[in-house]
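Dear colleague,

My notes on what was found in it follow.

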Amino acid sequence: MEALRDAFSWNKGYKEYFAVKATPNPFLINILREYDCGCDCSSYTELMLSEAIGAKGPDIMFSSNDTPAEEFVYADKLGAIINLDDFTHIDFLEKTIGHIPETISCRYNPGGLFKISNDIMDNPGDSKYGMTTDQLFEAFKVLKQKGAKEFGIHAFLASNTVTNDYYPMLAKVLFEIAVKLQKETGVHIKFINLSGGIGIPYNPDQEPNDIRAIGDGVRRVYEEVLVPAGMGDLEIYTELGRYMMGPYGCLVTKAIHEKHTHKEYIGVDACAVNLMRPAMYGAYHHITVMGKEEAPCDHKYDVTGSLCENNDKFAIDRMLPEIEKGDLLVIHDTGAHGFSMGYNYNGKLKSAEILLKEDGSVQLIRRAETPADYFATFDCFDIGKKLTK
Ligand SMILES: *Cc1c(COP(=O)(O)O)cnc(C)c1O
């Protein structure tokens with residue numbers, strides 16, 4: 001957090017809004033709040049969590065999409081900055097909350113492919129988020145006419161980028177359009193929200209991002225594009241989730257079975273319910289075995305959970321030290337989009353979360369689910385009374 005703040009300290013209004021969905025634990029977000037971090041929310045319960053830890057007004061960015069009316073009402077009640085995903089949301093918001101907020105942001109999607117030199121970073125043309133260029137210009141005109149005074153532009157064009165070029169490239173796209181928008185529509189643009197997307201090296205062979213180089217790259221584009229246009233007062237916001245928390249959490253699980261069939265399997269007591277990324281995207285998470293960190297990785301295993309789904313594997317054909325029943329496996333980099341993405345398939349329950357402090361002590365910051373939690377939504381029926389007691 002300090003490195004991030006330093007990297008953007010050249011920008012007076014810089015602010016990070018932590019993407020709550022990455023790690024929605026109030027104890028952890030409270031630690032970030034000590035560094036003046038805001039909350040980026042996109043649902044009712046994320047707004048509730050932010051309110052509970054004392055975030056309100058411009059400390060909350062509401063970057064939702066396909067937004068239910070009651071979420072706009074709640075965001076407005078908290079005074080959050082609302083980031084509109086679509087042109088039609090202007091009318092929807094006005095009808096829902098009865099006015100247009102003075103500060104408003106719009107999410108941009110330039111379409112096409114997003115490339116850095118010849119590398120395709122992502123495919124915004126295929127993404128459900130944001131407004132087209134024409135819609136963005138029209139939106140600013142309409143919002144201005146309806147009384148909005150301060151404007152923001154937001155875009156999220158590539159996820160988990162492990163390159164120092166993503167933010168500077170994105171900044172260039174957004175700064176150039178900001179200059180045009182300000183000229184053509186006469187609105188005052190207060191901020192550019194570079195959103196999330198700064199990745200982490202899930203594979204230890206990858207070179208990590210250098211946040212200073214990233215901040216410096218954005219500064220150079222800022223000085224090249226915005227300052228000459230008289231827009232040197234523009235504030236830069238970010239909504240990082242993965243970069244902030246990903247490397248600082250891990251899933252610790254015990255080997256409870258070994259199975260020797262057509263392949264060698266290690267069965268553990270966690271499953272995709274606790275960490276879905278490998279099952280969902282084939283994502284790599286590094287695994288080490290506690291006490292065997294220095295042992296040779298001379299055994300090839302599939303590390304599996306217990307779901308009745310063949311994609312419930314934390315690793316496939318992974319070279320690891322010889323594993324015995326009872327060994328603890330550490331699945332690395334699960335601090336963001338890990339626990340939070342979990343679900344309850346097969347009626348599996350979610351684990352506890354434990355905070356390891358600087359002094360080596362630990363604190364329980366979420367208890368493990370019990371069957372009563374799983375059955376809680378039956379509590380209005382007679383059968384539920386049996387299941388939840
Ligand atoms: C998910 C998300 C983020 C955070 O993304 P990371 O990959 O964790 O950086 C930021 N903003 C919005 C709107 C998001 O949906």
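Is Asp-317 buried, exposed or partly exposed? The model is a predicted one, and in it the relative accessible area of Asp-317 is 39%. Asp-317 is therefore partly exposed, since that class lies between the limits of 20% and 50%. This residue belongs to strand E15, which covers residues 313-320. Its backbone also deserves a remark: phi of Asp-317 is near 50°, a positive value in a residue other than glycine.

Asn-346 likewise has a positive phi without being glycine, with a value near 65°. Asn-346 is found in the loop that links strand E16 (328-331) to strand E17 (353-356). With a relative accessibility of 38%, Asn-346 counts as partly exposed.

The ligand site

How many residues surround the ligand? There are 13 of them, and the closest are Lys-21, Gly-197, Glu-239, Arg-242 and His-337. By residue class, this shell divides into two nonpolar, six polar and five charged residues. As to its location, the ligand sits in the second largest pocket.

A polar atom in the side chain of Asp-40 lies 3.1 Å from a nitrogen atom of the ligand. Arg-242 takes part through its backbone, where an N or O atom lies 2.7 Å from a ligand oxygen atom. For His-337 it is the side chain that is involved, with an N or O atom 2.7 Å from an oxygen atom of the ligand. Taken alone, the ligand exposes 390 Å², and the protein buries 91% of that area.

The loop between E15 and E16

Lys-325 is located in the loop between E15 and E16. With a relative accessible area of 55%, Lys-325 is exposed, because the limit for that class is over 50%. Lys-325 and Leu-355 are 30 residues apart in sequence, and their C-alpha atoms are 26 Å apart in space.

Asp-327 is also placed in the loop between E15 and E16. Is Asp-327 buried or exposed? Its relative accessible area is 13%, so Asp-327 is buried, the limit being under 20%. Which side chain does the side chain of Asp-327 contact? The partner is the side chain of Lys-292, in a polar contact of 2.7 Å.

Other loop positions

Thr-132 lies in the loop between strand E7 (119-122) and helix H6 (133-145). This threonine counts as partly exposed, at 40% relative accessibility. Thr-132 and Met-245 are 113 residues apart along the chain, and 31 Å separates their C-alpha atoms.

Pro-296 occupies the loop between strand E13 (287-289) and strand E14 (299-304). At 55% relative accessibility, Pro-296 counts as exposed. In sequence Pro-296 and Met-280 are 16 residues apart, while in space the C-alpha to C-alpha distance is 29 Å.

Where is Asp-85 placed? Asp-85 is in the loop between strand E4 (81-84) and helix H5 (88-97). Asp-85 is buried, with a relative accessible area of 7%. The C-alpha atoms of Asp-85 and Cys-39 are separated by 18 Å, and the two residues are 46 positions apart along the chain.

With kind regards

How values were computed: Residues are numbered from 1 along each chain as its sequence is written. This is a predicted model: local features need pLDDT of at least 70, side-chain atom pairs count only at pLDDT 80 or more; totals for chains, interfaces and linings use all residues. Side-chain values use heavy atoms; hydrogens and water are left out. A residue is near a molecule or strand if one of its heavy atoms lies within 4 Å of it. A polar contact is a pair of N or O atoms within 3.5 Å; within protein, one must be able to donate a hydrogen and the other to accept it, and residues adjacent in sequence count only if both atoms are side-chain atoms. Accessible areas come from the Shrake-Rupley method with a 1.4 Å probe; for residues, only the protein chains shown count as cover. On a 1 Å grid over the protein atoms alone, a cavity is a set of points where a 1.4 Å probe fits but cannot get out, and a pocket is an open set with protein on both sides within 12 Å along at least five of seven lines; lining residues have an atom within 4 Å of a point. A molecule sits in a cavity or pocket if more than half of its atoms lie within 2 Å of its grid points. Ala, Val, Leu, Ile, Met, Phe, Trp, Tyr, Cys and Pro count as nonpolar, Asp, Glu, Lys and Arg as charged, and the others, Gly among them, as polar. Helices (H or I, at least four residues) and strands (E, at least two) are DSSP runs, numbered from the N terminus. Buried means under 20% relative accessible area, exposed over 50%, partly exposed in between (1.4 Å probe, protein chains only).
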